[in-house]
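Please read the points below with the model in view.

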Amino acid sequence: MKRAVVRLIGFLVALTAHTGPGFALEVSRSVEIQTSSAAVWALVGDFCAIEKWHSMVESCTLSNDDSDEVRAVATRSLVAAGNLGTIVEVETSRNEKTMTYSYAYVRGPLPVKAYNATIAVHPNGSGSIVTWTSTFDAAGMTDAEAKADIEGVYEQGLAGIAKEASR
């Protein structure tokens with residue numbers, strides 16, 4: 001009896017570890033592009049360049065909060081297509097050498113909270129691979145719906161990068 005209770009408790013702990021609050025969802029999408037990584041980074045590396053390659057972004061406005069004594073903090077305001085509203089995100093890290101930047105979602109119409117993402121460009125022979133990854137919690141939708149929503153955003157954005165890079 002005691003063993004059965006211990007097993008049941010172990011099972012319930014394992015179950016809630018994967019379904020309980022605070023379990024971050026993850027999305028990662030990549031695209032191979034037959035353009036050099038330097039050229040692709042020149043396209044996507046600017047924090048506000050998303051307006052050039054993502055069809056869901058009508059415009060991007062960049063502001064810098066220089067209250068941080070170490071460096072100015074870049075904040076972008078994205079006007080989403082289809083009157084969905086404005087998305088505000090803050091750049092949390094940048095590495096020009098490794099061609100990556102990370103950012104956090106502050107507010108807007110996305111079905112997420114605690115959202116942190118990274119865009120990276122990696123050399124791949126004479127071409128490159130662009131990878132977009134994130135962790136987040138669903139907000140206002142089921143986990144599956146929120147994950148599908150973000151996957152769609154990434155797939156559309158990566159297709160836009162590939163299209164722009166091939167010009």
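Which residues form one aromatic cluster?

1. The model is predicted. In it, one aromatic cluster is formed by Trp 41, Phe 47, Tyr 101, Tyr 103, Tyr 105, Tyr 115 and Phe 136. The aromatic pairs come to nine by the pairing rule.

2. One of these pairs joins Tyr 103 and Tyr 115, whose ring centres are 5.8 Å apart. With 50 degrees between the planes, the pair is tilted. Tyr 103 belongs to strand 5 (residues 100-107) and Tyr 115 to strand 6 (residues 112-124), so the contact ties together parts that are 12 residues apart in sequence. Both Tyr 103 and Tyr 115 are buried.

3. Tyr 115 also pairs with Phe 136: the ring centres lie 6.0 Å apart and the planes stand at 35 degrees, so this pair is tilted. Why does it count as tilted rather than stacked or edge-to-face? Planes under 30 degrees apart count as stacked and those over 60 as edge-to-face, and the angle here is 35 degrees.

4. Phe 136 lies in strand 7 (residues 127-138) and Tyr 115 in strand 6, so their pair ties together parts that are 21 residues apart in sequence. Phe 136 is buried, as is Tyr 115.

5. Arg 76 is placed over the face of Phe 47, 4.1 Å from the ring centre. The charged end of Arg 76 sits over the ring of Tyr 103 as well, at 4.7 Å from its centre.

How values were computed:
Residues are numbered from 1 along each chain as its sequence is written. This is a predicted model: local features need pLDDT of at least 70, side-chain atom pairs count only at pLDDT 80 or more; totals for chains, interfaces and linings use all residues. Side-chain values use heavy atoms; hydrogens and water are left out. Rings of Phe, Tyr and Trp (its six-membered ring) pair if their centres lie within 6.5 Å; planes under 30 degrees apart count as stacked, over 60 as edge-to-face and the rest as tilted. Helices (H or I, at least four residues) and strands (E, at least two) are DSSP runs, numbered from the N terminus. Buried means under 20% relative accessible area, exposed over 50%, partly exposed in between (1.4 Å probe, protein chains only). A charge sits over a ring if NZ of Lys or CZ of Arg is within 6 Å of the ring centre and within 35 degrees of the ring normal.
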